[in-house]
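Take a look at the model below. The report that follows goes through selected features in turn.

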There are 2 protein chains.
Amino acid sequence: MQLFTFWRSIATFRVRAALNLKGLSVQPTFIDLLAGDQHKPEFMGLNPMAAIPVFVDDDGTTLLQSLPILEYLEERYPQTPLMPKDFAGRARVRALAQMTIADSHPLTVPRVRNYLSSMGASPEVINAWATHWLTLGAEAYEKRLSGDKATGTYCHGDQLSIADICLAGHVIAMNLFGAKADAYPTVARIAALVMSDERVASAHPLRQPGAPAPKA
Amino acid sequence: MQLFTFWRSIATFRVRAALNLKGLSVQPTFIDLLAGDQHKPEFMGLNPMAAIPVFVDDDGTTLLQSLPILEYLEERYPQTPLMPKDFAGRARVRALAQMTIADSHPLTVPRVRNYLSSMGASPEVINAWATHWLTLGAEAYEKRLSGDKATGTYCHGDQLSIADICLAGHVIAMNLFGAKADAYPTVARIAALVMSDERVASAHPLRQPGAPAPKA
């Protein structure tokens, strides 16, 4: 198994966490997004959209996009289930995942920040843009999770699921932009619980090769 | 079954199309997004994120977010399958769906356009913003679909899938912003084929109650 990865990519964090939880080890290939490695012909041949994660299974099956990769891992490698079994529960977990994957994170990725810059936005305005959407996402998560009986120790009952990996990634993204989720108690509680699992913690962006050293 | 819907919502188009394809009829409740119905307390109680679609199954199961609703319909009502059976195929269909659901469409929704307006962007700049991301999405679809042996009559082989519904919605969104997909032959071909199915065509935004009359 092979994973094209980069320390800062939140989408790739989700896949690293799921692989660790399922006890699957991959050969990492590092794509330096800040240096533009994703635009090199050899990578573009694999993914013409110049994005990671890209996951290659042992039989050569090549997959793009974090949530489809998580769903594939769940179907193909059912150990340590990351999805409930009932239809409604699965739909709820998927909807919680989409709150960051579709509603928040895509507004903060490099190509959007670069486009805002080309429109004349300053670095401060661009950082405010990213934290605005991520904070709005955390607020939406809080509203959705608190007071819903289906929420348990984790986002959905007492079993760690794809929704928790996505929520943890959302909070990590906030932190990388200098924002905090402390104002959202359910979000902060679940994210802390998820990150207390070493299998998820070791997938953290700042623990990957190439990440900047922690500030003294 | 109940569907909270609005003519212009592309996410709700996806659900309308899937329901039609599966022969399921729903009671529509119209939420006028332009008039702000989504912020009224009775709707916010259902979805604190003030967004549609919201789908309520006969047993009261209440679901949010278009892709999770499509996956639920596929699991719960397997007639007229909209997903392949093999793991790799399912992952490919899901990744194609995410190209618009996560990578393109979220950049163009009303709350983002309103925020750009609050930053001082003119209506022309905002329209250019939306068409930029949708056109980039169409270009990415074209690269991904053309020259991939897994692409057939439809996005994935010769069976209409969730990916096709999403692709058709992407082209409809382009059209609503005054852009065209003609420069992307595989995209344009598949979208036209999908829309030639009356079950999908009748889900088109401009054929819903409340939509503006076609220009003479």
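Which side chain meets A:Arg94 in a salt bridge? The partner is B:Glu75, with 3.2 Å from N to O. This is a predicted model.

**Salt bridges**

B:Glu75 also meets the side chain of A:Arg90 in a salt bridge, at 2.9 Å from N to O. That pair crosses between chains: A:Arg90 sits in helix 4 of chain A, and B:Glu75 sits in helix 3 (residues 66-76) of chain B. The count between chain A and chain B is 6 salt bridges. Over all chains, a search of the whole structure finds 23.

**The interface**

How many residues does each chain give to the contact? Chain A gives 40 residues, and chain B gives 40 residues. The size of an interface is often given as the accessible area lost when the parts come together. Between chain A and chain B, the buried area is about 3800 Å². Carbon and sulfur atoms give 69% of that area.

Polar contacts are found here too. Across the interface of chain A and chain B there are 9 residue pairs in polar contact, with both residues at pLDDT 80 or more.

**A helix pair across the interface**

Helix 6 of chain A meets helix 5 (residues 110-118) of chain B. Their axes come within 13 Å and cross at roughly 145°. The crossing of helix 6 of chain A with helix 5 of chain B is right-handed. From helix 6 of chain A come A:Ala128, A:Trp129, A:His132, A:Trp133 and A:Leu136. Facing them in helix 5 of chain B are B:Arg111, B:Val112, B:Tyr115 and B:Leu116. By class, this contact has 7 nonpolar, 1 polar and 1 charged residues.

**Backbone features**

Where are the cis peptide bonds listed here? The table gives one in chain A and one in chain B.

| Cis peptide bond | Omega |
|---|---|
| A:Ile52 to A:Pro53 | about 5° |
| B:Ile52 to B:Pro53 | near 5° |

A:Pro53 is in the loop between helix 2 (41-44) and strand 3 (54-56) of chain A. B:Pro53 lies in the loop between helix 2 (41-44) and strand 3 (54-56) of chain B.

Another backbone feature concerns phi. A:Thr80 is not a glycine, yet its phi is positive, about 50°. The loop between helix 3 and helix 4 of chain A holds A:Thr80.

Terms used:
Residues numbered from 1 in each chain as written. Chains lettered and ligands numbered in written order. Predicted model: local features only at pLDDT ≥ 70, side-chain atom pairs only at ≥ 80, totals over all residues. Heavy atoms only, no water. Contact = heavy atoms within 4.5 Å. Buried area = accessible area lost by both parts, 1.4 Å probe. Salt bridge = Lys/Arg side-chain N within 4 Å of Asp/Glu carboxyl O. Polar contact = N/O pair within 3.5 Å; in protein donor to acceptor, adjacent residues only side chain to side chain. Axes fitted to C-alpha atoms, helices over the stretch in contact; angles between N-to-C directions. Helix = DSSP H or I, 4+ residues; strand = E, 2+ residues; numbered from the N terminus. Left-handed = near helix turned anticlockwise from the far one by under 90°. Nonpolar A, V, L, I, M, F, W, Y, C, P; charged D, E, K, R; others polar.
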